[in-house]
Amino acid sequence: MAILDPSKGIVRVVFYGRGGQGIKTAGRILGRSLFTSGFNVQDFPIYGAERRGAPVYSYVITSSEELLERGPPESVDLTVIVDKSLLNLVNPEGVLLVNSVFPLENAMSVDMNSFIGKLGSYALSAAAASASAALINGIGRNEVIEAINKEVIANQYLLKKEVEIAVSVFDYVKKLPTPKTIGAKPKKDELVELSFDGPDISTPLILAKGTSTLRKTGAWRLVRPVVNLEACKACYLCYLACPEGVIKLNDESKPIISYDNCKGCMVCQEVCPFEAIKAKPESEVSLIE
Ligand code: SF4
Ligand code: SF4
C-alpha cells in the first residue's frame with residue numbers, strides 16, 4: 001500500500017520522537033532508501049540542546065525532480081510520531097502514522113514497540129523508517145535493508161535483528177488500510193527570487209553599540225595587513241571576506257583598512273587573488289605609523 005509518490009511531485013516526511021529513539025537515524029535510513037531507489041533527497045534533523053528524552057524531529061524531502069527548496073518545509077505529506085506522548089504537542093499533517101498499541105482516529109497505528117521487543121528504543125529508527133518507506137511508492141525492502149546496514153552503527157547481531165524488524169514492519173504496513181489525509185494540503189512549490197545587491201548593500205554594517213566599531217581591537221594584532229594599492233585590481237574580495245567588516249572601499253573601489261579595529265586574522269591576504277596584501281609584523285611597524 002504505497003500512497004505517496006515522489007515520481008509525481010515532492011513528498012515531505014517528518015518524524016517526531018525523543019532524544020535516544022533514533023529519530024535522526026530514522027530520517028537517514030529513509031533518506032538513503034529513497035536515494036538508492038533513484039530519488040533526489042534531503043534529510044535533516046532538528047533539535048535543541050542535545051538531551052536524552054528531549055523532543056527531536058527529522059525531515060525527509062524527496063522527489064524525482066530536482067529539489068530546490070531548503071530548510072524545514074511549510075507542510076508535510078506524512079507525519080510519523082514515534083513517541084506517542086508528542087501527539088498533543090505537534091500539528092500532524094498529511095497521512096498520520098503513530099507508534100501506538102491502540103487504534104487512533106484518522107491515523108495509522110503501528111505498534112512498533114511490539115515489533116522491536118527486547119531490543120528496545122534502540123531499534124525504533126529501523127521500525128519507523130521502514131514503516132514510512134512502506135507508504136512511499138518506489139522503495140522496496142532491499143533498499144531499506146541496505147540503508148539500515150549503512151546507517152546503523154551496531155554489531156552484526158544487532159544489525160541482523162534490526163533488519164528483521166524492519167522487514168516485518170514493512171510487510172505489516174503494506175497490508176494496512178489507507179488512512180485519511182488530515183491537516184493542511186502541501187502548498188504549491190514556489191521559487192523565491194533573490195535579487196542581486198552590490199557589496200556596498202549586501203555586506204552587513206555593524207552599527208550597534210559595543211561592537212568592533214567602538215572597541216579598538218587593533219591591539220590584538222601581531223601582524224597587520226598592508227595593501228599595495230598599485231597591485232590591487234579593485235576586485236573587493238578582501239572587503240567581502242573580512243570577518244570584522246573593517247575594510248572600506250575608496251573612490252576607486254580599493255581597500256582602506258581600519259587599523260584601529262583590524263584583528264590581524266589575515267583572511268584578506270588569503271583571499272586576495274593578486275597578492276596585493278602582505279603581512280607586516282607589528283614589531284616592525286613604527287609607533288607613529
Ligand atoms: S586582517 Fe582580518 S580583520 Fe584585518 S582587514 Fe584583514 S580580514 Fe579584516
Ligand atoms: S582582494 Fe586584493 S585585489 Fe581585490 S580589492 Fe582586495 S587588495 Fe585589491
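**Labels and their cut-offs**

Mentor: Let's start with ligand 1: it has 13 residues around it, and Cys242, Cys262, Cys265, Val267 and Cys268 come nearest. Bear in mind that this is a predicted model, where local features need pLDDT of at least 70, side-chain atom pairs count only at pLDDT 80 or more, and totals for chains, interfaces and linings use all residues. Residues are numbered from 1 along each chain as its sequence is written, while chains are lettered from A and ligands numbered from 1 in the order in which they are written.

Trainee: What makes a residue count as near a ligand?

Mentor: Its C-beta atom, placed from the backbone, has to lie within 6 Å of the molecule. For ligand 2, 15 residues make up the surroundings, with Cys232, Cys235, Cys238, Cys272 and Ala276 the closest.

Trainee: How does the shell around ligand 2 divide by class?

Mentor: Into 13 nonpolar, no polar and 2 charged residues. Nonpolar covers Ala, Val, Leu, Ile, Met, Phe, Trp, Tyr, Cys and Pro; charged covers Asp, Glu, Lys and Arg; the others, Gly among them, are polar. Around ligand 1 you get 10 nonpolar, 1 polar and 2 charged.

Trainee: Why is strand β1 called largely enclosed?

Mentor: Because 7 of the 8 residues in β1 (residues 11-18) are buried. Buried takes 20 or more other C-beta atoms within 10 Å of the residue's own; exposed means 12 or fewer, and partly exposed is in between. Strands here are DSSP runs of E, at least two residues long, and helices are runs of H or I, at least four, numbered from the N terminus.

Trainee: Which strands pair with β1?

Mentor: β3 (residues 55-63) pairs with β1 in the antiparallel sense over 8 bridges, and β4 (residues 78-81) in the parallel sense over 4 bridges. DSSP has to find at least two bridges for a pair.

Trainee: What makes helix α1 oblique to α3?

Mentor: α1 (residues 23-36) and α3 (residues 124-133) pack at about 40 degrees, with their axes 8 Å apart. Under 35 degrees is roughly parallel, over 145 roughly antiparallel, 65 to 115 roughly perpendicular, and the rest oblique. So α1 is oblique to α3.

Note on methods
Axes are lines fitted to C-alpha atoms, for helices over the stretch in contact, and angles run from 0 to 180 degrees between N-to-C directions.
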